[in-house]
Amino acid sequence: MVSKAKHLLTTATFLMMLLGLSFTLCTSCGDDKDDRDGGSLTLKAGETHNIGTGSNWKSANPLIASVEDQTITAECVGSTTITGSAGTIKVTVKATRFDFTEPYLSFGASKSDVKNAMSSYTLTTDKSTTIGYQGKGKVYMYGYGFKNNQLSMSLLIVKSTYANDLTKFLSERYFPVYVDKDNYRVGMVDPLKKIAVLVEPEVISYTTYLTVAYVKYTGSSSIAIKKMKAFGSKPSASNEETAKIFDQLKSELVKQ
């Protein structure tokens, strides 16, 4: 497993080039009670709620919670406000999937900070610019990349067996901004525009994994798309399984 982990980390070093990566988009997503000015609403991702009163409702962040007529739809985990003729509603959207623990995402942290945060995991790789850990549960491994001794990239690696669980998990937390059909990649951004994510299948030693690379969000989606195209890794050899997994990723993560 250690040799595979090292291979995966080596394969993933290209993701360091995503440091200049840019994306744009969203912000935040809300309990079922009557909605009036100053009221609040909590929904689970994917749920809808009928306000039942008022008109001209608009969401401050439709990527978290959208509204059409009097129907609110919980799009993505977070918080936002919806305002209309009957007042303002604070909407909080919560996740329903907790299958995975995401990697440490405090970009700019030192290697010792990351090691402290990952102290309950088994260290498998320790180099000057990368460290890796054996995962737990559905996570195969975690990887971290450093630039100028600061955390610049975090990596989550999952066996393709859990592809369906992973896509559902990610779709509640991130919004797609880029799809590379030729190279089997989906780029996403969190609704607070703090983290950019690149998801792709990767074949190592005849086993297919899904790699999820996280970097700090730094710019616009148009720049992000250009940089993803320019700096993406060489795609894994195309085969029926990677194509199938990518189709699954695309259908679940890209819903429009």
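**From values to words**

Mentor: Let us begin with a loop: N56 lies between strand β2 (48-50) and strand β3 (58-59), in a model that is predicted.

Trainee: Why is N56 called exposed?

Mentor: The relative accessibility of N56 is 64%, and the word exposed is used for values over 50%, so N56 counts as exposed.

Trainee: What is the phi of N56, and what sets the value apart?

Mentor: Phi of N56 is near 55°, which is a positive value in a residue other than glycine.

Trainee: Where does D69 lie, and is D69 buried or exposed?

Mentor: D69 lies in the loop between β4 (65-68) and β5 (71-74). Its relative accessible area is 65%, and since exposed means over 50%, D69 is therefore called exposed. The phi of D69 is positive too, at about 55°, although D69 is not a glycine.

Trainee: How do you know that β1 and β7 are paired strands?

Mentor: Pairing asks for at least two bridges between two strands, and six bridges join β1 to strand β7 (residues 87-94), so the two count as paired, and they run parallel. Within this pair, L41 stands opposite V91 in β7.

Trainee: Which residues of β1 are on the covered face, and which are on the uncovered one?

Mentor: In strand β1 (residues 39-44), the covered face holds G39, L41 and L43, whereas the uncovered face holds S40, T42 and K44. L41, the residue opposite V91, therefore belongs to the covered face.

Trainee: How many residues of the protein chain are there, and what share of them is buried?

Mentor: The protein chain has 256 residues, and buried ones make up 48% of them, where buried means a relative accessible area under 20%. The chain contains five helices and 15 strands.

Trainee: What is the mean pLDDT of the chain, and which elements have the lowest and the highest mean?

Mentor: The mean pLDDT of the protein chain is 80, and 71% of its residues reach 70 or more. Among the elements, helix α4 (residues 221-231) has the lowest mean pLDDT, 49, while helix α2 (residues 111-117) has the highest, 98. Over residues 11-36 the pLDDT is below 50, and this stretch has 127 contacts in the model beyond near neighbours in sequence. Residues 227-237 also have a pLDDT below 50, and that stretch has 25 such contacts in the model.

Technical notes: Residues are numbered from 1 along each chain as its sequence is written. This is a predicted model: local features need pLDDT of at least 70, side-chain atom pairs count only at pLDDT 80 or more; totals for chains, interfaces and linings use all residues. Side-chain values use heavy atoms; hydrogens and water are left out. Buried means under 20% relative accessible area, exposed over 50%, partly exposed in between (1.4 Å probe, protein chains only). Helices (H or I, at least four residues) and strands (E, at least two) are DSSP runs, numbered from the N terminus. pLDDT is the predictor's confidence in each residue, from 0 to 100. Contact means heavy atoms within 4.5 Å.
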